[in-house]
Amino acid sequence: MACSIILWIATLPITGFAHLNSETSLDRWHAPGAHKVSLRSTRQEPMPMQGPALPYPLFSPMFAQRERQNVKVKYEDANDTIAGIGISPPLNIDFVNKFPKFTDPSTVFTYPNTPMDSNSGPPLVSPAIVPLGKLPLTDFISNRKDILYYGPLDFGTPAQQLTVDIDTGSADLWVASDCDECSTKQFRTDQSQTINHDDEDFSVAYGSGEVFGTIAEDVVSVAGLTSEQQTIGLVEMESSDFQGYPNSGILGLAFSTISSTGKPTLFENLMKENKLMAPFFSVHLTRGTEDGSELCLGCFDVTKTTGQVKWVPVSSKTYWAVNITRLYSDGIDISVPDDFVAAIDTGTTLIYVPDPIAQTIYSSIAGAKSIDRFGPGFFSYPCTSSPDIRFTFGGIEFEMNDEDFNIGRLPDSSDCIGGIVSLGSDFPSNIAIIGDEFLKSWYTVYDYSNGARVGFAPSINNM
Ligand SMILES: *[C@@H]1O[C@H](CO)[C@@H](O)[C@H](O)[C@H]1NC(C)=O
Ligand SMILES: *[C@@H]1O[C@H](CO)[C@@H](O)[C@H](O)[C@H]1NC(C)=O
């Protein structure tokens, strides 16, 4: 992990640094001395003054503003998509039935060899049969905030290692390749003996963070599991919005019904090619720690959780979409639309809700108000208050952590910015995007079997 970060720093152009320095605390990189020195010497501005040591870092608007814009475009068609309009045909997933029945305790093995209650959901299968696909992830932290989680994949033959952001809110795998403006490591397709180029164009809109390129197939491995003919977007052009992030691409882990190519995702190919123990993957996201996050492919890592999994059925096999049946904030039950749906999205940092819901949530918090100096969508509230916010998915209530809700302090103020952001009145009133801010409290399991469902188990972060 450290290796890919150092590489990135070493190859980042000076202009990239200037841009980054104004927003990013570089101190978190435990790069060896030499790198650290050269890195510091390229600094063009001092770090922002934080004032007296307060428990809350200053709110750094860049990533949040950018993300809000990106989320609006990423989910632009979500209301139709969730209703099944304009999507690709679903993958035939009858094959999930050939996996062991997890409700049957006799076939249950756990990892690492811990006995499990038969009702506690996804069990694990013996590592002796198939290797467990545990991919360590790195938490990209900026200004003491967790921004995104990424890990290494191997592309082509011989393998080239490139890092990707783990995104359950999209369904394409893409990496930078032949990209002049890209500052991260790229896929050298001319050096892969197994690449097969298509003549098709590839483009995905992640907000103003749009990417363009072509499509190819090649061998891709993740945590020792290999998809022989994986569709890959080769991105030749990305918008400047992708500058400042450490990853070379994105690994979409939603259903391929929403992929721009209509081809199976990497995880779906691994299922089809019989490379997995189980038809689900699980995600652990750390809080404020670079190491320790993990994507578990075909497995459930009991060492990352402190309790049982609670299962919520997926209401549309597009995003990992679940029904929000109730929302509670500081003693108030917030009325939600009947068709209110949440996309569980590891590729989004914050939580985004329709405007009327954001207004109601903040009106329940004493001293909270809408604030417009960072553009639309943001609210402030007294830093010392600890709002009690709970989402009910499919009838099961899940609390969020008030530390994660606080995304930074305003300068010269005792107010902080809240991590639930409004998508504005031009966004559908029935869709919420539940990002890492929530998922740091809940270890999540994305299960293609049992009709498709998302499992939530309490994360070790909250011990
Ligand atoms: C989700 O909510 C819709 C609208 O109320 C309902 O028709 C659907 O059955 C629900 N789906 C699940 C999986 O609970
Ligand atoms: C969402 O889509 C459904 C079906 O296409 C439509 O009836 C509904 O009005 C839309 N809701 C919003 C908030 O756009």
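1. Contacts come up throughout this note: two residues are in contact if their C-beta atoms, placed from the backbone, lie within 7 Å. The structure is a predicted model, in which local features need pLDDT of at least 70, side-chain atom pairs count only at pLDDT 80 or more, and totals for chains, interfaces and linings use all residues. Residues are numbered from 1 along each chain as its sequence is written, while chains are lettered from A and ligands numbered from 1 in the order in which they are written.

2. Confidence. pLDDT is the predictor's confidence in each residue, on a scale from 0 to 100. The protein chain averages 82, and 80% of its residues score at least 70. Residues 1-53 stay under 50, and the model has 54 contacts beyond four places in sequence for them. Residues 103-129 are also below 50, with 48 contacts beyond near neighbours in sequence.

3. Overall make-up. The protein chain has 9 helices and 26 strands. Helices (H or I, at least four residues) and strands (E, at least two) are DSSP runs, numbered from the N terminus. Of the 463 residues, 50% count as buried. A residue is buried if 20 or more other C-beta atoms lie within 10 Å of its own, exposed if 12 or fewer, and partly exposed in between, with C-beta atoms placed from the backbone. Among contacts between residues at least 6 apart in sequence, 70% join residues at least 24 apart.

4. Annotated positions. The unreviewed UniProt entry gives "active site" for D167 and D345. They span 179 residues in sequence, yet no two of their C-alpha atoms are more than 6.5 Å apart, so they gather at one spot. UniProt positions are given in the numbering used here, feature names are shortened, and annotations may be inferred rather than shown by experiment.

5. What surrounds D167? D167 is found in strand β3, residues 160-167. It is buried, with 24 other C-beta atoms within 10 Å. Leaving aside neighbours within four places in sequence, D167 is in contact with I250, L251, G252, L253, T346 and G347.

6. Is D345 buried or exposed? D345 counts as buried, because 28 C-beta neighbours lie inside 10 Å. D345 sits in the loop between β15 (341-344) and β16 (351-353).

7. An open sheet. Four strands take the order β17-β18-β22-β21, with antiparallel pairing. The edges are β17 (369-370) and β21 (406-409); each has a single partner strand, so one side of each is left without a neighbour in the sheet. Two strands pair if DSSP finds at least two bridges between them. β17 and β18 (residues 379-382) are joined by 2 bridges and run antiparallel. K369 stands opposite S380 in β18.

8. Helix α4, residues 61-74. At 1.5 Å a residue, its 14 residues should span 20 Å, and its end C-alpha atoms are 20 Å apart, which agrees. The expected span is 1.5 Å times one less than the number of residues. Buried residues of α4 include F63, A64 and V71.

9. Helix α7, residues 355-363. Its buried residues are I357, A358, I361 and Y362. They cover an arc of only 125 degrees around the axis, which puts them on the same side of α7. The arc is that of the directions from the helix axis to the C-beta atoms.

10. A loop position. S239 lies between β7 (225-238) and β8 (249-252). S239 is partly exposed, with 16 other C-beta atoms within 10 Å.
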